[in-house]
Amino acid sequence: MAGLSPMDGAEPEPAWLVSELPRGLRWSMMLRMAWRMALHDRQQTIAAVLGVAFAYVLVGQNFGSAGHYLDQATAYIDASEADLWIVPPGEKAFFATGSLLSTGALHQASVTPGVAWATPVVRGYSAIKTPNGGAENVIVIGVPAPALHGGPFSIIKGDSSALLKPNAIFVDDAEREKLGGLNLGSTVELGGHRAHVEGLTWGLLTILGSVVFAEYDFARSILEIDSDRLSVVMVRLDGSAGLLRVRDELRTRVPEAAILTTDEYWMLTRNFILYDAGLIGVIFMGLTIGLTVGLAIVALSMLSSVQQNLREFGTLKAIGATSADLRRLLIFQALGCSIAGSFIGAVVLCQLSWASRSPRLNMIIHPLTLWGLVPGVTIIAITAALVAVRRTSRVEPASVFR
Amino acid sequence: MKAVVETSRVTKAYGEGDQVVSVLNGISFYALRGEFVMLVGPSGSGKTTFLSILGCVLKPSSGSVKLFDYEVGNLPESRLPAIRRNLIGFIFQGSNLIASLTAEENIVLQLNMRGVGGGEARREAAALLDRVGLTKQKGQKPSELSGGQRQRVAIARAVAGHPPLICADEPTASLDQDSGISVTRLLKEIAVERNHTVIAVTHDPRIFQFADRIENLENGRIIRSAEASMSINIRHFMESK
């Protein structure tokens, strides 16, 4: 330094004033500091990590449950082999039962080129009387024998052919207890008719009730649907014509109905659950609560850590660190908390999902959800760090002399 | 010989309007290369504020502050960290070591700040710890060291990377008599060996013997200067105040 020349007038600034630290050295120094300070302030670090994990689990659980409800809503569509669906105009979802179609739609579909089979389905809400005198809502789906193209699906007890027996029904295994401890051979009163449980399915539930399969005519009588009416027609193509071509042909032949591909019907049903049934609001609320609580915990933990180390931050500034260095330090800590919290959150979420798996309450945890939550909670952690950064930026290096 | 640091009519005031409190009232001062200067005076005389300005951690309200003849008193805050990093080492009253780092890491951190990295930083830190007699304590954290040992590490940290100017704020305030003298002796020796200029604020007359010059502040002004080498009885000098 002794060789530094004085500045007079517009002389260049001395090297000690303009020299910059190598970026790599600056970053590695702050990374090391972040790590060591995080380890040193264990309580605050653990609290911040748990805050991230909490937000991760809360939001993940929210998405997982929403995914479950959406999957439930389209479980019947997913299980079916239909390529096209002929549905009443204004149809909103498979389980949002509404108006009926005439059987003419079925006849038109059956004779349309490219159609392998077309099968009618009746569906509607009814109630099963329980032994305690109450009643449980169910969705009755009637499918014609002997083909049984419309179900029953996901059978875990009994054989689908048993549905051909008089007054036979299939109920969902998850609802047996709720419906009065039903089992194979049980007799119940369904919509004022005696019905015999001949089979059990698994996982065909909706928010509005579980699915009960019945033979087509028996279901019509339960639901009081006339013989010339039906709910939807499922259409399977034989592969000789393109999907959209057959759909367009059906639209010409059955103008009084809506013709939807399975994908369209699937999306329509999901959109109904999301927007009309208000699931999106529940998701948004869960998301907001999860993120807000997570943010609060992480921000408080980081602020507490900064508050506790104000003198050290002042010292760092006094010995040459810049505000940008301290910002990097806190953001490194936030990223560390985010990675650790995400890992813990993912483990907890997977455990929760496994522990709660059941047709009625489940969490659909997609790998994409697990990864997708990481940037979400990282944003929380960095936002929290920026709150703490505001505090450190106000620390004056001169404060260490007081 | 040129001054490492030189001030002219430096003032510092806090507050606005009727609430203005003047802490420094036009201090002119200099320190030469290798000089050990002590700033003494009663509490509230402005010693620490003046040291903060010399250390470029505080800007003066008016006046000139020159480092190596370059005016730094009017530089924006954003440019001061580079000066502190490159030119100034600090020794604080309470050592102010980073609690989460070991003794060695505290020194390495300062070396990193001064652009020395990797193995070179570790080697220099080890040499400095050896110089201050704490080789065995290099892996210990500040909480595991005694007050005297912490101040020795603080000295090693301050001189790491050979900054020309060392600013020390009450370096012996938290130490017992023996430790205070021993730490100041060490600081003096290292400063002589490495040609550092040391400016130390102190209340401690026991360490005046190590000063080359003593500046006495009162009410924000330097009111008396004494050359230690002129065999002035420093204690008497202070008592006469």
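Predicted model: local features only at pLDDT ≥ 70, side-chain atom pairs only at ≥ 80, totals over all residues.
View 1. Helix 3 of chain A passes helix 11 of chain A in a right-handed crossing. Helix 3 of chain A contributes residues including A:T45, A:A48, A:G60 and A:G64 to the contact, while helix 11 of chain A contributes, among them, A:C337, A:G341, A:G345 and A:S353. The residues of this contact divide into 12 nonpolar and 10 polar, with no charged residue.

**View 2. Chain B meets chain A through a contact that takes 32 residues from chain B and 29 residues from chain A.** On the side of chain B that touches chain A, at least two residues each are supplied by helix 1 (47-54), helix 2 (80-87) and helix 3 (103-113) of chain B, and the largest share, seven residues, comes from helix 2 of chain B. This side of chain B is made up of 17 nonpolar, nine polar and six charged residues.

**View 3. Four strands of chain B form an open sheet in the order 2-1-4-5, with antiparallel pairing.** Strand 2 (21-32) and strand 5 (70-71) of chain B stand at the edges, and because each has a single partner strand, one side of each is left without a neighbour in the sheet. Strand 1 (residues 3-14) of chain B pairs with strand 2 of chain B in the antiparallel sense over nine bridges, and B:T7 stands opposite B:F29 in strand 2 of chain B.

Notes
Residues numbered from 1 in each chain as written. Chains lettered and ligands numbered in written order. Left-handed = near helix turned anticlockwise from the far one by under 90°. Contact = placed C-beta atoms within 7 Å. Nonpolar A, V, L, I, M, F, W, Y, C, P; charged D, E, K, R; others polar. Pairing = 2+ DSSP bridges.
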